[in-house]
Amino acid sequence: MATSQNLQRLHKLIWVLIYGGLLTLVLGLATGRSDAALGWSLALGGGLAAAVGVVLIAVRARLKTD
C-alpha cells in the first residue's frame, strides 16, 4: 500500500525520467555527428532513463492507494 503523497512523487519521477531521457537521447543522436563516443554515451543513457520511466509506469499501475 502506498500513500497518495508517495504516488505523486512516483508520478513526477516517471515523467522526469521519460522526458529527460528522451531529450538526452535526441541530444546524443545530434552530438554523435561530431563526437561519436560522447553521442552514443548520451543516447544510451537517455534511452535507459526513458525505459526505466516506462517500467515505472507498470509498477505504478500495480500499486494501490491506502
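Student: Let's start with isoleucine 14: buried or exposed?
Tutor: Isoleucine 14 is buried, because its relative accessible area is 3%. Buried means under 20% relative accessible area, exposed over 50%, and partly exposed in between (1.4 Å probe, protein chains only). Bear in mind that this is a predicted model, where local features need pLDDT of at least 70, side-chain atom pairs count only at pLDDT 80 or more, and totals for chains, interfaces and linings use all residues. Residues are numbered from 1 along each chain as its sequence is written, and side-chain values use heavy atoms, with hydrogens and water left out.

Student: Thanks! Which helix holds isoleucine 14?
Tutor: Isoleucine 14 sits in helix α1, which covers residues 4-31. Helices here are DSSP runs (H or I, at least four residues), numbered from the N terminus.

Student: Switching to the helix pair, at what angle do the axes of α1 and α2 cross?
Tutor: They cross at roughly 155 degrees and come within 7 Å, with α2 spanning residues 36-62. Therefore α1 is roughly antiparallel to α2. Angles under 35 degrees count as roughly parallel, over 145 as roughly antiparallel, 65 to 115 as roughly perpendicular and the rest as oblique. The axes are lines fitted to C-alpha atoms, for helices over the stretch in contact, and angles run from 0 to 180 degrees between N-to-C directions.

Student: Now the loop between α1 and α2: where does arginine 33 lie, and is it buried or exposed?
Tutor: Arginine 33 lies in that loop, and it counts as exposed because its relative accessibility is 81%. From arginine 33 to isoleucine 57 the C-alpha distance is 33 Å, at 24 residues apart in sequence.

Student: Last topic: which residues make the nonpolar surface patch?
Tutor: Trp15, Tyr19 and Ile57 make that patch, which is about 320 Å². Patches consist of residues with over 30% relative accessible area and no salt bridge, with like charges joined within 9 Å and nonpolar side chains (Val, Leu, Ile, Met, Phe, Trp, Tyr) within 5 Å. Tryptophan 15 is in α1 and counts as partly exposed, because its relative accessibility is 36%.

Note on methods. Areas by Shrake-Rupley, 256 points an atom, 1.4 Å probe, with all protein chains shown as cover. Salt bridge = Lys/Arg side-chain N within 4 Å of Asp/Glu carboxyl O. Helix = DSSP H or I, 4+ residues; strand = E, 2+ residues; numbered from the N terminus.
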